[in-house]
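This briefing covers charged side-chain pairs. Please look over the sequence and the structure first.

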Amino acid sequence: MYLDLLKQNILSRWKQAFIEFDLLQEFKTQIATEKYIPGYRYDLDDYGTPAFLQPDEKIFPVGNVRELGDYHFYGLAEDGMPCYTSYGKPANNVFWAGYYSYGKEWVEYIEYNLETQIPSGIKRIRFDENGQKIAYQSLMVNGRGIGEEYADMTAEEKMSSIESYEHSLFCNIEQYEIIDGRIVKADCLGIVPGVGEIRYENLYRYGADGILDEIRMVYENGENELAYVRPDTNLDIQSLMNTVAENMALAIVDTLEEQEVETPLSLLELSYHYADTYIPSLSPRSVAVTRRISRQHPDEDIFDLIFLATELDHAYLEVNREKFERPFTQLIKIISKEEKWEMGTLMLRKVGHILTTSKLFGRIPVGDEFAAYAVDWGVEMEDFEDVLRECGATNATIAVWKEQGWL
């Protein structure tokens with residue numbers, strides 16, 4: 001019941017924020033010092049930990065130089081606490097700004113899309129009279145308030161439009177159970193666009209030194225996944241990426257064996273979604289299947305039938321993440337903080353390369369021109385041949401596929 005009250009409370013707070021857009025300027029005037037950081041920092045998820053007030057420097061080595069406008073700007077008040085932030089995507093002329101406010105029993109961050117003036121996100125932490133964190137609330141508008149359709153709408157019309165569409169709002173509510181001064185469990189409620197409301201628990205585990213080691217989400221059906229792991233000390237990001245790739249490749253072959261897929265395999269698609277999902281869904285295609293398609297459609301362009309109709313033959317397979325879950329959780333936390341989603345793609349290309357060049361470690365029969373490839377068809381269709389090469393497919397294999405009308 002309390003979770004439902006907290007959900008209604010954050011929704012009411014979001015509606016109230018529509019008429020508080022002008023507060024941005026008020027908090028901007030409190031700035032005493034400034035910082036430009038390449039990525040999200042001062043996240044209320046880290047509030048109360050060293051990570052909040054001591055945002056680490058960029059972890060990834062510099063690849064392409066980023067324009068200053070691509071960095072996040074943070075304004076700090078006289079007491080050293082963040083009070084204002086702004087960031088954007090200059091290439092798309094889209095910008096956001098937000099402010100932090102602090103009370104005795106709460107801390108709050110509110111962010112706005114500067115063009116539509118829609119409150120694109122709110123995070124709020126509640127404390128008891130002793131300063132102990134007792135609840136967390138967050139709400140984010142899908143797309144962060146971008147939309148030409150909002151241009152001529154009133155605040156009420158914007159609210160109504162967003163609320164009426166089932167894919168519009170993300171919401172996360174957590175109520176904490178405290179034992180001996182530290183959180184041991186959280187009862188949670190989430191709203192996911194297109195999925196609806198879900199209930200789950202977060203279980204907290206601490207190391208022998210008393211520092212939080214991991215948070216595990218446990219769903220009502222018993223399924224679970226890591227939500228947080230303590231960062232390793234002296235982290236080497238390239239080593240971490242290699243560890244994840246190697247262990248994920250092994251887990252993928254385990255899954256194919258467990259599912260007793262038809263062999264020999266001709267193709268193995270690792271389907272992911274850029275800036276969203278980096279544990280791939282698997283779509284294996286046997287030599288028998290690809291030969292049948294080629295035989296039934298001689299002298300035709302059969303790219304769609306070979307590569308894009310896989311879900312018509314069978315459901316995608318889900319990978320058991322146990323072998324790589326801990327390093328993967330740490331890697332994705334870093335990638336999201338740095339906004340370096342291309343590094344997640346690079347990691348999956350490594351997985352594809354390992355699977356292709358090792359021929360699934362010799363554990364599963366494959367065809368002569370076998371290839372495994374990690375692809376997001378939504379953004380990589382035009383670059384598919386480059387994707388194949390990055391995943392270990394040879395020029396000779398690609399030439400054979402072209403002769404067969406696959407490419």
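The points below go through salt bridges and their surroundings.

This is a predicted model, in which local features need pLDDT of at least 70, side-chain atom pairs count only at pLDDT 80 or more, and totals for chains, interfaces and linings use all residues. Residues are numbered from 1 along each chain as its sequence is written, and side-chain values use heavy atoms, with hydrogens and water left out.

**Overall count**
- The whole structure holds 31 salt bridges (a side-chain nitrogen of Lys or Arg within 4 Å of a carboxyl oxygen of Asp or Glu).

**E108 and R13**
- E108 and R13 form a salt bridge, at 3.0 Å from N to O.
- E108 sits in strand β5 (residues 106-113) and R13 in helix α1 (residues 2-17), so the pair ties together parts 95 residues apart in sequence.
- Helices (H or I, at least four residues) and strands (E, at least two) are DSSP runs, numbered from the N terminus.
- Both residues, E108 and R13, are buried (under 20% relative accessible area; exposed is over 50%, partly exposed in between; 1.4 Å probe, protein chains only).

**R363 and E257**
- The closest N and O atoms of R363 and E257 are 2.7 Å apart in a salt bridge.
- R363 lies in the loop between α10 (341-357) and β16 (366-375), and E257 in helix α5 (residues 237-258), so this pair links parts 106 residues apart in sequence.
- R363 is partly exposed at 33% relative accessibility, and E257 is partly exposed at 37%.

**E342 and K340**
- A salt bridge joins the side chains of E342 and K340 (3.0 Å, N to O).
- E342 is partly exposed at 35% relative accessible area, whereas K340 is buried at 9%.
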